[in-house]
Amino acid sequence: METAAKLLLGGALVLFLLGLGALLLWRLGVDRLPGTFTWRSGNVTVFAPIGLMIVVSLVATIVLNVLLRR
């Protein structure tokens with residue numbers, strides 16, 4: 001039971017940090033990079049930040065390679 005509790009707390013911490021990072025990026029104006037796909041039809045809006053996903057993926061790959069390299 002203790003292991004499950006630690007796992008849940010770790011997951012909550014990761015989600016909290018991701019949320020803070022998303023808010024920080026939004027405050028810096030990084031929410032609308034080139035490559036953002038927006039489609040509107042009637043009352044439905046589809047928003048896919050392809051450019052932001054690529055930038056986050058590259059940064060995460062570099063950070064994880066630096067941290068996990070032995």
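Trainee: How many salt bridges does the structure hold?

Mentor: Happy to start there, and keep in mind that this is a predicted model. Side chains of opposite charge can pair when their charged atoms come close. Here Lys-6 forms a salt bridge with Glu-2. The count of salt bridges in the structure is 1.

Trainee: How far apart are the closest N and O atoms of Lys-6 and Glu-2?

Mentor: Both residues lie in helix H1, 4 residues apart, about one turn of the helix. A salt bridge needs a side-chain nitrogen within 4 Å of a carboxyl oxygen. For Lys-6 and Glu-2, the closest N and O atoms are separated by 3.3 Å.

Trainee: Is Lys-6 buried or exposed?

Mentor: The cut-off for exposed is over 50% relative accessible area. Lys-6 has 56%, so it counts as exposed.

Trainee: How many residues of H1 are buried?

Mentor: Buried means under 20% relative accessible area. H1 has 26 residues and is hardly covered. The count of buried residues in H1 is 0.

Trainee: How far apart are the end C-alpha atoms of helix H1?

Mentor: Nice one to check by hand. Helix H1 covers residues 2-27, and at 1.5 Å a residue its 26 residues should span 38 Å.

Trainee: Which residue in the turn between S1 and S2 has a positive phi?

Mentor: Strand S1 (residues 36-41) and strand S2 (residues 44-49) pair in the antiparallel sense over 6 bridges, with Arg-40 opposite Thr-45 in S2. The two strands form a hairpin with 2 residues between them. In that turn, the residue with a positive phi, of about 65 degrees, is Gly-42.

Trainee: Which helix gives the largest share of the lining of the largest pocket?

Mentor: The largest pocket has a volume of about 240 Å³. Its lining includes Leu-25 and Val-30, along with Leu-52, Val-55 and Val-63. By class, the lining has 8 nonpolar, no polar and no charged residues. The largest share, 6 residues, comes from H2.

Trainee: How does Ile-54 count at 49% relative accessibility, and what is the label?

Mentor: Ile-54 lies in helix H2 (residues 50-68), and its C-alpha atom is separated by 9.5 Å from that of Gly-35, 19 residues apart along the chain. Exposed would need over 50% relative accessible area and buried under 20%. Ile-54 has 49%, so its label is partly exposed.

Terms used. Residues numbered from 1 in each chain as written. Predicted model: local features only at pLDDT ≥ 70, side-chain atom pairs only at ≥ 80, totals over all residues. Heavy atoms only, no water. Expected span 1.5 Å × (residues − 1). Buried < 20%, exposed > 50% of the residue type's maximum accessible area, 1.4 Å probe, protein only. 1 Å grid on protein atoms, 1.4 Å probe; cavity = no way out; pocket = protein on both sides within 12 Å on 5 of 7 lines; lining within 4 Å. Points joined across faces, edges and corners; volume = space filled by probe spheres on them. Nonpolar A, V, L, I, M, F, W, Y, C, P; charged D, E, K, R; others polar. Pairing = 2+ DSSP bridges.
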